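Subject: Handing over a structure

Hi,

Here is the structure I promised to pass on to you.

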Amino acid sequence: MTGFGNDVWWLIVAKALAVFVYLLLTVLFAIVIERKVLGHMQMRPGPNRVGPRGWLQSLADGIKLALKEGIMPTDADRVIYTLAPVISVIPAITAFAVIPFGPEVSVFGHRTALQVTDLPVAVLFVLAMSSVGVYGIILAGWSSGSTYPLLGGIRSTAQVISYEVAMGLAFAAVFLYAGTMSTSGIVAAQDRVWFVFLLLPSFLVYLTAMVGETNRAPFDLPEAEGELVGGFHTEYSSLKFAMFFLGEYINMTTVSAVAVTIFLGGWHAPWPVNMIDGANTGWWPVLWFTAKVWGLLFVYIWLRATLPRLRYDQFMALGWKILIPTALLWVMAAAVIRSLRNDGYPHWTPVLAALSAVTALGLVAFLHRRFSAVRGDEPRRDRSDTTISGSPAPGDGFPVPPLPAAPAPRRDAVVSKEEIHG
């Protein structure tokens, strides 16, 4: 029990239950809020039937899924098929144990930090849990005994390999500047300036990588309905199907909480609220922390409503050719400036902030130019650019196998104009 500090056993259990209830309530509200916001953005009514103004829709959907009949494919591996949804949910909940909600408070006369536990390598623990959680998706696709779920699981494997590297490099810049891997230590290091202002490129890289890690639009390739019929969970139903969605939304909340912790000041109040006496004491920090998490959850919803799904080659190129080199170069720049500051050059901190803003603007401009759907400066491609078989010309941008040549028309099937007019 030493890993939980000096707390008594009932206080440890109470904090663990509080985290679990917090995540469940966040998921229930996130689902219905997402559907309402998407409906508003697309100029249509969202859920408005179940409960007051439709606010009980997600609860009704959960009860409906739990009461449905569970169907298991004949060719499925029964043990792995059953364990896969559980493996998808548990790591996302476990990772929240090292997230600090607030400072020390008094609970029935006992002083305790609003955090289940803290570790010297807490951020690496979160990274490991997110890596383990994807095994649920991979095993679900493999154990279903079907082709399309298997393809979804393979895609999920490629996504994790690609975007875990970028996410780890984004963390590395934070470790260098904060001097610790403890989540509570990183929050304490942001008492004056949040790392989002000093390390903005790392924040943008992490923001992109966390969307890719959670398989959300526009990176929802493992469950792309257009080509995979639903992806890794095609063969799932009933409560097992619901657990995959529970794991997805809990994972969204977890990675958003990590972003708040290491980049957005954690539970510290935003400016100018932090100038009020007592804003960062007591139970108020829980409110600031929750508001920041919901702000990032809104970004998830906003992306889903506005951006189309990327092609798979675009998605891989974004991770390997853009995010990883950018994060690596930025880690080197942050390490040099941090070293100069340690040698007695404090004025390098404003230089880091300015360099961070310039690098972030350059990255955003490059991504906009790279992935813009409509480019007015591009000449319209002439039909002569394609080959006779109908396949694109070599400079088209992505490989397409040549189509088979059309067979020549039969001589007896050709009718002359003289035969038509008699």
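Among contacts between residues at least 6 apart in sequence, 76% join residues at least 24 apart, where a contact means heavy atoms within 4.5 Å. This is a predicted model, so local features need pLDDT of at least 70 and side-chain atom pairs count only at pLDDT 80 or more, while totals for chains, interfaces and linings use all residues. Residues are numbered from 1 along each chain as its sequence is written, and side-chain values use heavy atoms, with hydrogens and water left out.

The protein has 14 helices and two strands; these are DSSP runs, numbered from the N terminus, with helices (H or I) of at least four residues and strands (E) of at least two. Of its 422 residues, 43% count as buried. Buried here means under 20% relative accessible area, exposed means over 50%, and partly exposed lies in between (1.4 Å probe, protein chains only).

Helices

Let me begin with H3, which covers residues 78–95. Its 18 residues reach 27 Å from first C-alpha to last, close to the 26 Å expected at 1.5 Å a residue; the expected span is 1.5 Å times one less than the number of residues. H3 bends by about 30° at Ala84, and Pro85 follows within four residues. That bend is the angle between axes fitted to the seven residues ending there and the seven starting there. Both Ala84 and Pro85 are among the buried residues of H3, which also include Tyr81, Ser88 and Ile93. The buried residues of H3 pack against H1 (9–41), H4 (122–143) and H10 (238–262).

Just after H8, Asn215 takes a positive phi of about 60°.

Two residues to look at

Is Arg155 buried or exposed? Arg155, in helix H5 (residues 147–178), counts as buried because its relative accessibility is 18%. Leaving aside residues up to four places away in sequence, Arg155 touches Leu221, Pro222, Ala224, Glu227, Leu228 and Tyr312.

Ala188 sits in helix H6 (residues 183–189) and is exposed, with a relative accessible area of 51%. Ala188 and Trp267 are 79 residues apart in sequence and 9.7 Å apart in space, C-alpha to C-alpha.

Cavities and a pocket

The search ran on a 1 Å grid over the protein atoms alone: a cavity is a set of points where a 1.4 Å probe fits but cannot get out, a pocket is an open set with protein on both sides within 12 Å along at least five of seven lines, and lining residues have an atom within 4 Å of a point. Grid points are joined across faces, edges and corners, and a volume is the space filled by probe spheres set on the points.

By this rule there are three cavities of 30 Å³ or more. The largest cavity has a volume of about 230 Å³. It is lined by 19 residues, with Ser88, Ile137, Gly247, Glu248 and Asn251 nearest its centre. H3, H4 and H10 each supply at least two residues of that lining, which has eight nonpolar, eight polar and three charged residues. In these classes, Ala, Val, Leu, Ile, Met, Phe, Trp, Tyr, Cys and Pro count as nonpolar, Asp, Glu, Lys and Arg as charged, and the others, Gly among them, as polar.

The second largest cavity holds about 80 Å³ of space. Of its 14 lining residues, Val126, Ser130, Asn251, Thr254 and Val255 lie nearest its centre. Its lining divides into 11 nonpolar, three polar and no charged residues.

Finally, the second largest pocket contains about 830 Å³ of space. It is lined by 32 residues, and Ile31, Leu65, Phe245, Leu246 and Tyr249 are the closest to its centre. H1, H2 (57–67) and H10 each supply at least two residues of that lining, which has 18 nonpolar, three polar and 11 charged residues.
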